[in-house]
Amino acid sequence: GGSEPSRRLSGTPCPRLPGRIRIHCSTAMARGLRLGGVAILALFAGCSALSPVTRVVELLQGISKQIEKEHKAEEDLYETFVCWAKSIISQKTESNAAAKSRIDTLETYVKDLMAGRIELTTERADLEKEIE
């Protein structure tokens with residue numbers, strides 16, 4: 001009837017149709033189902049789909065969110081690495097200082113051995129006792 005055209009003209013026009021044709025997508029799809037028209041269904045099949053620009057914008061927004069998520073993960077990984085590196089550098093610095101001190105002590109010990117200030121055996125002391 002008379003109220004049917006106003007129902008079809010209400011709502012958002014189908015983006016796939018030229019500007020002068022303003023048929024509501026869901027009404028046209030329902031009418032196409034009643035008529036059994038394959039051509040009408042094919043024409044209105046994409047009416048509820050997003051426009052290409054909207055899809056690109058949503059894709060870019062999704063990529064942006066993914067990049068932010070990956071950036072945060074890499075930032076956390078970097079901070080963990082920096083903390084680990086500082087710890088290892090500190091440990092190695094202490095270890096190297098201890099090793100340097102040990103080297104100095106051993107060099108002094110070797111020099112004392114070579115000069116005869118330190119003896120490894122009691123052989124000399126025993127021989128001196130025998131002589132007396």
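Helices here are DSSP runs of at least four residues, numbered from the N terminus. With that in hand, welcome to a predicted model, shown in a set of close-up views.

View 1. Reading from the N terminus on, the elements run α-α-α-α-α. Of the 132 residues, 9% count as buried. The accessible surface of the chain comes to about 11,200 Å², and carbon and sulfur atoms account for 61% of that surface. Among contacts between residues at least 6 apart in sequence, 22% join residues at least 24 apart.

**View 2. Confidence in the chain is highest in H4 and lowest in helix H1.** The mean pLDDT of the protein chain is 77, and 64% of its residues reach 70 or more. Helix H1 (residues 3-9) has a mean of 43, whereas H4 has a mean of 96. Over residues 1-11 pLDDT stays under 50, and the model has 11 contacts beyond four places in sequence for this stretch. Residues 20-25 also stay under 50, with 18 contacts beyond four places in sequence. Please keep these values in mind when looking at the two stretches.

**View 3. Helix H4 spans residues 52-115 and reaches 91 Å from its first C-alpha to its last.** This helix has 64 residues, and its reach is close to the 94 Å expected at 1.5 Å a residue. Just after H4 comes Gly116, which takes a positive phi of about 85°.

**View 4. A nonpolar patch on the surface brings together Val56, Leu59, Leu60, Ile63 and Ile67.** Together these five residues have about 470 Å² of accessible area. Val56 is found in helix H4. How exposed is Val56, in relative accessibility? Val56 counts as partly exposed because its relative accessibility is 46%, which lies between the 20% and 50% cut-offs.

View 5. An α-helix has 3.6 residues a turn, so residues three or four places apart point the same way. Both partners have some surface to show: Asp76 is partly exposed, with a relative accessible area of 33%, and Lys72 is partly exposed at 45%.

**View 6. Asp104 and Lys100 form another salt bridge, and both lie in helix H4.** Here the closest N and O atoms are 3.4 Å apart. Asp104 and Lys100 sit 4 residues apart, about one turn of the helix. Asp104 is partly exposed, with a relative accessible area of 34%.

**View 7. The side chains of Asp112 and Arg117 meet in a salt bridge.** The distance from N to O is 3.0 Å. Side chains of opposite charge can pair when their charged atoms come close. Is Arg117 buried or exposed? Arg117 is exposed, with a relative accessible area of 60%.

Notes: Residues are numbered from 1 along each chain as its sequence is written. This is a predicted model: local features need pLDDT of at least 70, side-chain atom pairs count only at pLDDT 80 or more; totals for chains, interfaces and linings use all residues. Side-chain values use heavy atoms; hydrogens and water are left out. Helices (H or I, at least four residues) and strands (E, at least two) are DSSP runs, numbered from the N terminus. Buried means under 20% relative accessible area, exposed over 50%, partly exposed in between (1.4 Å probe, protein chains only). Contact means heavy atoms within 4.5 Å. Accessible areas come from the Shrake-Rupley method with a 1.4 Å probe; for residues, only the protein chains shown count as cover. A salt bridge is a side-chain nitrogen of Lys or Arg within 4 Å of a carboxyl oxygen of Asp or Glu. pLDDT is the predictor's confidence in each residue, from 0 to 100. Patches are made of residues with over 30% relative accessible area and no salt bridge: like charges are joined within 9 Å, nonpolar side chains (Val, Leu, Ile, Met, Phe, Trp, Tyr) within 5 Å. The expected span of a helix is 1.5 Å times one less than its number of residues.
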